[in-house]
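This explanation leads the reader through the contact between two protein chains. The structure is shown first, and the description follows.

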Amino acid sequence: MSMTFHVDIVSAEESIFSGTAHMLVAPAEHGEVGILPRHSQYVSLLKPGEVRIRISDSGEEQNIYISGGVLEVQPHVVTVLADTAIRAKDLDEAEALEAKRRAEDALANQRADFDYARAQSELAEAAARLRMIQKLRRSSSQQ
Amino acid sequence: MAGAKEIRGQIKSIKNTQKITKAMEMVAASKMRKAQDRMLETRPYAEKIRQVIGHVAMANAEYRHPYLIEREAHRVGIIVISTDRGLCGGLNVNLFKKTVQTMKEWQAQGAEIDLCLVGSKARQFFRRMGGNVVANVDNLGDKPRLSDLIGPIKAMLSAYDEGHIDRLILVENEFVNTMTQRPRVTKLLPVEPSEEPSLEHHWDYIYEPDTAPVLDTLLTRYIESVVYQAVVENVACEMAARMVAMKSASDNAGNLIDELQLVYNKARQAAITQEISEIVSGAAAV
C-alpha cells in the first residue's frame, strides 16, 4: 500500500476539490512543483495553470485549472488556496479606479436621487389625504 | 350605503397583494437556504488563510508587514455592506444606525471617515446623509462574485498602503438565525494576529519566492475573503429578513381580509333588511 495525503482545493467562493491523493503537481512561481506524501512544510505562490492530482495508484489523474493562488503544504495535508479570477496588479488597479468613479457618479447624481425622495414623500402625503377624504365620505354616507 | 361592492373590491385587492407577499416569502425562503450553503462554503478558505498568516507572522518576527502594524488613527476607512433591494424589514436601517454610531465614535476621537459602500441601499442612504464616499459597488445579485469586490477593496487597501487611512473597519450584518440578524462592526486592518499558541512547534515553511510577497498576497486575499464572506452573509440576512417581513405582511393581509369580510357581511345584511322594511312599509301603505 502506498502512502497518500489529503488535498483541499478551496477558493474564496467554494470548495473545488477535497480528497486523498498520491501526488500533486502545481504551477509554482518558479516552475512546477511536485508534492509527494511527507513533503516538508512549504508555502508558495502559484501562477495561473493546471493543478494535477494523482488520485490512485494506477495513475488516474484529475486536472483542475486555477488562475493563481497559494499552495500550502504540510506533511499529510496539502491546501491550494485558489484565486477566483485572473489577478494582475494593473487589472486590480483598473477595478479600483472603476469603484472610485462609481462613488463620484453617485455623488454627482445627488439631485436626481433627492428629487426621487421628495416625489416619494409627496406621493405618500397625497395617498394619506386621499384616504382621509374616503373615510370622511364613507362616514357621511352612513349617517 | 357603504357599498358592498366597494368592500368586495377592497377585499379582492388585498387578496392580490397577499398573493404577492406570499410568493415573495417563499422565494426568499428558498434563496435563503442557498445563501446559507454558500456562506458555509466560503469558510474553509478564510480559516486556512488565517492559519497560515498566523504562522508566517509568528515565524518571521523581523519582517513586519504594514497590515500588521498598529498606527495612530487620523482617518478611518469604513466598508458598509448593505442590500441592493428593499422590502426586508429593518435590516438596512439597523445597519446604518450602527454605521452612523461607529462614525460618530471615531469622529469624537478626532478621526475623519472615508466610506466604501457595497449595495445600492447604502449608496442611497449616504447620498442623503452625506459622507466622504471613496468607493462604491452595487447590483451584486443573489450570487455575489469576488471579482466584483476586488475593485472597491483594492481602493481601500491602497488608501491604507499610502497612509490615507489608518484603520479599515467593516460594518455588516451577522446572520444569527432566521429571526435575528445583528449589525456587527469588525476591524479589518491592522490585522490582529491570532492568539493560537502555535509558537510551540519550531518548524517553519519553505517559502517560494520569499516571505514578503507570500505574506503580501495572503493578507490581501484574507481581507478580500473576509469582505466576500460578509457580502454572502448579507445575502442570507437579506433573504431571512425579507422572508420574515413578507410572512408578517401576508398575516396582516389575512387579518385585514377577515375584518373586511365582517364589514361586508354586515353591509349586505343591512341592505337586505332595509329592502324588506321598505317593501313591508310599502305594502302597509297600500
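Between chain A and chain B, about 3,900 Å² of area is buried, and carbon and sulfur atoms give 60% of this. Buried area is the accessible area (1.4 Å probe) that two parts lose on being put together, summed over both. The model is predicted: local features need pLDDT of at least 70, side-chain atom pairs count only at pLDDT 80 or more, and totals for chains, interfaces and linings use all residues. Residues are numbered from 1 along each chain as its sequence is written, chains are lettered from A in the order in which they are written, and side-chain values use heavy atoms, with hydrogens and water left out.

Chain A brings 45 residues to the contact and chain B brings 43, where contact means heavy atoms within 4.5 Å. On the side of chain A that touches chain B, H1(A) gives the most, with 11 residues; helices are DSSP runs of H or I of at least four residues, strands are runs of E of at least two, and both are numbered from the N terminus.

Two salt bridges link the chains, each being a side-chain nitrogen of Lys or Arg within 4 Å of a carboxyl oxygen of Asp or Glu. One of them joins Glu72(A) to Lys48(B), with the closest N and O atoms 3.4 Å apart.

S5(A) and strand S6 (residues 206–208) of chain B pair in the parallel sense over 3 bridges; strands pair if DSSP finds at least two bridges between them. Within this arrangement, Val43(A) stands opposite Tyr207(B) in S6(B).
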